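Okay, thanks for coming, everyone. Let me put the model up and walk you through a few spots in it.

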Amino acid sequence: MSQNAALSRQSPLPSNDNSRKMPLTPAMVIGIAGLFLFLSSQILIAAGAVVWAVGGYLHFGLTGFAVLTAALAPPVLYLCWKILVMAISAERDPANN
């Protein structure tokens, strides 16, 4: 015999209610800044190492290094921006506090 399952009234996914976000406090701002500075410095060091390694391997001159840096700058800046947005979102989420 098979039976029908009961309908659940709650969604399995958590709701993103922006009104429940906690206000920024000085402690949160310090946490956000610390997380952002730590992760973005690691990304910038890795990007610098990539530019140095690829430019050195291909024997680029100053112009080649500048072009390679300009090519890597937009993805690195986007990644740093997303880290900042995610850090702010995580610190303001009431479930994390």
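So, which residues does Cys 80 touch, not counting residues up to four places away in sequence? Cys 80 touches Phe 36, Ser 40 and Ile 43, where contact means heavy atoms within 4.5 Å.

Quick housekeeping. This is a predicted model, so to speak of local features we need pLDDT of at least 70, side-chain atom pairs count only at pLDDT 80 or more, and totals for chains, interfaces and linings use all residues. Residues are numbered from 1 along each chain as its sequence is written, and side-chain values use heavy atoms, with hydrogens and water left out.

Back to Cys 80: along with Ile 43, Ala 47, Val 76 and Ile 83, Cys 80 makes up the largest nonpolar core, five residues in all. By that I mean buried Ala, Val, Leu, Ile, Met, Phe, Trp, Tyr and Cys residues joined through side-chain atoms within 4.5 Å. Buried is under 20% relative accessible area, exposed is over 50%, and partly exposed is in between, using a 1.4 Å probe and protein chains only. α1 (26-57) and α2 (62-92) each supply at least two residues of this core, and α2 gives the most, with three. Helices here are DSSP runs of H or I, at least four residues, numbered from the N terminus.

Now Ser 41, in helix α1. Ser 41 is partly exposed, at 29% relative accessible area. Ser 41 and Cys 80 are 39 residues apart along the chain, and their C-alpha atoms are separated by 9.2 Å.

Last one: His 59, in the loop between α1 and α2. His 59 isn't a glycine, yet has a positive phi of about 55°. Most residues other than glycine have a negative phi. His 59 is also exposed, with a relative accessible area of 70%.
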